[in-house]
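Student: Could we take a close look at one part of this model? I'd like to go through the charged side-chain pairs.

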Amino acid sequence: MIDDTKFQVIALAIIFDPAEKKILIGRRQNDYQIPALTWGFPSARILHGEDVDKRLKSRILAKTGYEVKNLGAVFARTSPSKEDLFQIFFLCEIFKGREKVGGDFVELKWVKPEELEDHFTTPFHPVLKEYVNNLK
């Protein structure tokens, strides 16, 4: 039997600047998926058959103005705010471009790893928190 339940996959980019030891986040307004969401990582919805790396890099460029290197997946979970949403977090670094707000972001901000949780209005998983705090 085939389960026809809709399930979405979102790739999220933890864009880390190793020189400044900061992470890039963006502010959204009126997020249609998770209304409580304000600040978050740049992300890309992945459709069946899409190349995850290409899609993520394309959406990061559109939302931030930066081209990034994807250093690999670091964490995955089912969203506590939306149970039909599977999130995969990737560590990325900028290799060229200039900051330009786009896509669903209205503002971009570089923050220290330990400041991330202060900006997020949605649950921040303890394992993810530990990972980003160790990027220092």
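Student: Which side chain does R28 meet in a salt bridge?

Tutor: R28 pairs with D104, and their N to O distance is 3.1 Å. Before going on: this is a predicted model, where local features need pLDDT of at least 70, side-chain atom pairs count only at pLDDT 80 or more, and totals for chains, interfaces and linings use all residues. Residues are numbered from 1 along each chain as its sequence is written, and side-chain values use heavy atoms, with hydrogens and water left out.

A salt bridge here is a side-chain nitrogen of Lys or Arg within 4 Å of a carboxyl oxygen of Asp or Glu. R28 sits in strand 2 (residues 22-28) and D104 in the loop between strand 6 (85-97) and strand 7 (105-111), so their contact ties together parts that are 76 residues apart in sequence. Strands are DSSP runs of E, at least two residues, and helices are runs of H or I, at least four, numbered from the N terminus.

As for accessibility, R28 is buried at 7%, while D104 is partly exposed at 33%. Buried means under 20% relative accessible area, exposed over 50%, partly exposed in between (1.4 Å probe, protein chains only).

Now for helix 1 (residues 52-64): K57 and D53 are 4 residues apart there, about one helical turn, and their closest N and O atoms are 3.1 Å apart in a salt bridge. Both partners are partly exposed, K57 at 32% and D53 at 28%. Back at R28, shared partners in salt bridges join R28, K63 and D104 into one network. The structure holds 7 salt bridges.
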